[in-house]
Amino acid sequence: MISWRKHYKKTLIAIGLLLSTSASFYGQDGDPKNGEKLFKANCTACHALDKQVVGPPLKGVVERVKTEGGVDKDWLHKWIKDNKALRASGDKYANEIFEKFNKTEMQVFPNLTDKDIDDILAFTTNPPAPEEKKPEATPATDATAAAPADKTTTNVVIISLLAIAGLLVWILAKLRQLVKLGQSEDLAGLNETRVRSFSEMYEKFHYIGKGLLAILAILAAYGVWNWLMWIGVYKGYKPEQPIYFSHKIHAGEQKIDCQLCHSSAKYGKVSEIPSMNVCMNCHRTISEYNADHYMEPGKDKAFYDGEIQKIYAATGWDPAKQQYTGKTQPVEWTRIHNMPDFVYFNHSQHVIAGEQAIINSFNKKNPNNKIDVVCKACHGKIDTMNVVQMANDFTMGWCIECHRTTEVDMNNGYNKEYFKNLHDKLKKQYPQDGGKITVDAIGGLECGKCHY
């Protein structure tokens, strides 16, 4: 009897310890590493761990809702899966949170399983420590140590070469003296008849002189003409902008379509510079750079975060209060592509009417460097540029060459019916090319098309 009681007491103690341990780790259930992936995929648009974005910071949210609202983790499951239904049920704490954050509705996540939510909550309760980056290898000190020796060796070589040169000059001078001493009277007389001035030489060889001058004049005229023809041609021009913007990150890595920012490029005459409000469509919730997918050489996370802060300063956005202050700062962008005033160029005419024709023509001429978007035919592979530069000459000859080689797309949906009669006429007019019509055949070389 005494033995049974003894084991009974031990059993109760073990159960008590197990329950207390379970209670202490209640908020720790789940896999934090998997939760980190789910958090980045579903939550980072509106939340961060340590600061308010659109919604509150989520670090320690399990303990916080327990303290503030007296609710448990099951309540968080209901809130995350369908907060609208939870508010509609009359839940007091759910409606308090809704009112506290200006009635901003949180997205519902019915696709997340209970395990997924447990993993996310485990990540917010105990996020894994970030991996320390290994310091970059520093150049070996041997090169530094060897620098003085290399410098000494260079000096010795230079001094030796100067000494040899001096010795050669001395030897040549001595040889000249010996030649003069050994000259005969006939050679001495011949020396007296040598041409001793430029004027005498010109009189003797004036035809050759005039020919050389004519050649020099032609070369000089060609040089001046060539210089004049390249005035205003800035291929490779890539100025620094007041706010650093990498097209490789946005258009390349993130696959953002050009026309999302340059909305007038397709239907307008010019491709406008996007307003800062366009930037804020995304960066209102993206306040820091996630460098996991791409980091430009020579740049770090702090650099990109600083450029995002410049966007906030320009638009007057307070990320802490999540509201605009009304104090804006204009951004003075440096224009890169700029046609002269006497040149007419319409973006919509090329992007809509000539889109597929331009792409096809470029890909035929550049089989190893094909493109899929018409913008790249003129502006180069923008999605690979960290700093945008002028990829082509943009000269009159460059445009004419394009008009002479780009075949008109007769099946373009935008102009198929409108130009039907013209296309039928041109096919009869150019039967020798098998119906192939290039832009110059429809007025692409007429002066008035581009100059007015």
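## Helices α13 and α14

Helix α13 (residues 276-283) packs against helix α14 (residues 301-315) at an angle of about 125 degrees, and their axes are 10 Å apart. That makes α13 oblique to α14; angles under 35 degrees count as roughly parallel, over 145 as roughly antiparallel, 65 to 115 as roughly perpendicular, and the rest as oblique. The axes are lines fitted to C-alpha atoms, for helices over the stretch in contact, and the angles run from 0 to 180 degrees between N-to-C directions. The crossing of the two helices, α13 and α14, is left-handed; this term applies if the near helix is turned anticlockwise from the far one by less than a right angle, and right-handed applies if it is turned clockwise.

On the α13 side, M276, C279, M280 and H283 take part in the contact, and they meet I308, I311, Y312, A314 and T315 of α14. Contact here means heavy atoms within 4.5 Å. The residues of this contact of α13 with α14 divide into 7 nonpolar, 2 polar and no charged. Ala, Val, Leu, Ile, Met, Phe, Trp, Tyr, Cys and Pro count as nonpolar, Asp, Glu, Lys and Arg as charged, and the others, Gly among them, as polar.

## The model and the chain

This is a predicted model, in which local features need pLDDT of at least 70 and side-chain atom pairs count only at pLDDT 80 or more, while totals for chains, interfaces and linings use all residues. Residues are numbered from 1 along each chain as its sequence is written, and side-chain values use heavy atoms, with hydrogens and water left out.

The protein chain has 20 helices and 2 strands. Helices (H or I, at least four residues) and strands (E, at least two) are DSSP runs, numbered from the N terminus. Of the 452 residues of the chain, 25% count as buried; buried means under 20% relative accessible area, exposed over 50%, and partly exposed in between, with a 1.4 Å probe and protein chains only. Among contacts between residues at least 6 apart in sequence, 64% join residues at least 24 apart.

## Helix α4 and its two partners

Helix α4 (residues 73-88) and helix α6 (residues 114-125) have axes that come within 10 Å and cross at roughly 110 degrees. That makes α4 roughly perpendicular to α6. The crossing in which α4 passes α6 is right-handed. From α4, the residues K73, L76, H77, I80 and K81 meet D114, I117, D118 and L121 of α6. The residues of this contact of α4 with α6 divide into 4 nonpolar, 1 polar and 4 charged.

The axes of α4 and helix α5 (residues 92-100) also come within 10 Å, and they cross at roughly 75 degrees. The helices α4 and α5 are therefore roughly perpendicular to each other. Here W75, W79, L86 and R87 of α4 meet Y93, A94, N95, I97 and F98 of α5. The contact of α4 with α5 divides into 7 nonpolar, 1 polar and 1 charged residues.

## Annotated transmembrane regions

An unreviewed UniProt entry places the feature "transmembrane region" at residues 156-173 and 211-233. UniProt positions are given in the numbering used here, feature names are shortened, and annotations may be inferred rather than shown by experiment. In the model, residues 156-173 are 100% helix and 0% strand, with end C-alpha atoms 26 Å apart. Residues 211-233 are 83% helix and 0% strand, and the end C-alpha atoms of this span lie 34 Å apart.

## Helix α16

The buried residues of helix α16 (residues 355-365) are A357, I358, I359, S361, F362 and N363. These buried residues of α16 pack against α15, α17 (375-379) and α18 (396-405).

## Residues in loops

Most residues other than glycine have a negative phi. K255 has a positive phi of about 60 degrees although it is not a glycine. K255 is found in the loop between α11 (247-253) and α12 (258-261), and it counts as exposed because its relative accessibility is 67%. Q322, also not a glycine, has a positive phi of about 55 degrees. The loop between β1 (317-318) and β2 holds Q322, which counts as buried at 14% relative accessibility.

Q329 is in the loop between β2 (323-324) and α15 (347-353). At 48% relative accessibility, Q329 counts as partly exposed. Not counting residues up to four places away in sequence, Q329 touches A313 and A314. The C-alpha atoms of Q329 and A314 are separated by 4.3 Å, although the two residues are 15 residues apart along the chain.
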